[in-house]
Amino acid sequence: MMTRRLLQLLVGLAMYGVSLAMFIRAGLGLDPWDVFHQGVAGKAGLSIGTVVVIVSFLVLLLWIPLRQWPGVGTLCNAVLVGVFADAGLALIPEFSHLGGQIGMLAGAVVLNGIASACYIGARLGPGARDGLMTGLARRTGWSVRTSRTGIEVAVLGAGWLLGGSIGVGTVVYAVAIGPLVQLLLPRFMVPEETAPQPVTPDAAGTAAVSP
């Protein structure tokens, strides 16, 4: 079971990084966190994958006052999404016509939904940004929706001021990703292992007696 969980985690994170590269190549706008990543990357002169990794570990520092603890999936997420995002950008060409951009955007949303269901379903720890959202909700008593909205509005605004790309893709992602992950997650959720129940003498005796 652990082998499946680790494999599913790694495949999910690889797809997530590639989906980020696809969003960028589509050129129609990014999700809030990646608007921020792109804005920082442009100002700092770093690759967006490098910025994703740096921001991930900075966000993990915010887990400390929230008393949130990372899992192996959290640490893998912090490193691998950025690595695969840069690899995807090296391999995926830019599109200059609208049809190709729309197709790339649609593929990015679908792949991101599958990737999210994969790594969440592996149950090896949330990503740094998801953990910040749930930790903030737990410590403040706010709803997860309120926490997520507040965080994403803040990073979206900061990313826009830094020059990150906001567009129709930002809206499409916001509308589509929740329902898509909800639809796919049951298909990728690794079931929890349950210990076998001991057979009591009464149960064994009852099973041996025919009615």
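A nonpolar core is a set of buried Ala, Val, Leu, Ile, Met, Phe, Trp, Tyr and Cys residues joined through side-chain atoms within 4.5 Å; buried means under 20% relative accessible area with a 1.4 Å probe, protein chains only. The model is predicted: local features need pLDDT of at least 70, side-chain atom pairs count only at pLDDT 80 or more, and totals for chains, interfaces and linings use all residues. Residues are numbered from 1 along each chain as its sequence is written, and side-chain values use heavy atoms, without hydrogens and water.

The largest nonpolar core holds 51 residues, and F23, W33 and V59 have the most contacts inside it. Helix 1 contributes the most to this core, ten residues. Helices here are DSSP runs of H or I, at least four residues, numbered from the N terminus.

V59 is in contact (heavy atoms within 4.5 Å) with W33, A128, R129 and L132, leaving aside neighbours within four places in sequence. The charged end of R129 sits over the ring of W33, 5.3 Å from the ring centre; for Arg this requires CZ within 6 Å of the centre and within 35 degrees of the ring normal.

Rings of Phe, Tyr and Trp (its six-membered ring) pair if their centres lie within 6.5 Å, and planes over 60 degrees apart count as edge-to-face. The count is three aromatic pairs. The centres of Y16 and Y119 are 6.0 Å apart and the planes are at 75°, so this pair is edge-to-face. Because Y16 lies in helix 1 (residues 2-26) and Y119 in helix 5 (residues 98-121), the pair ties together parts 103 residues apart in sequence. Both Y16 and Y119 are buried. W33 and F36 also form an edge-to-face pair, at 6.3 Å and 80°.

Definitions and conventions. Phe/Tyr/Trp six-rings, centres within 6.5 Å; stacked < 30°, edge-to-face > 60°. Helix = DSSP H or I, 4+ residues; strand = E, 2+ residues; numbered from the N terminus. Buried < 20%, exposed > 50% of the residue type's maximum accessible area, 1.4 Å probe, protein only.
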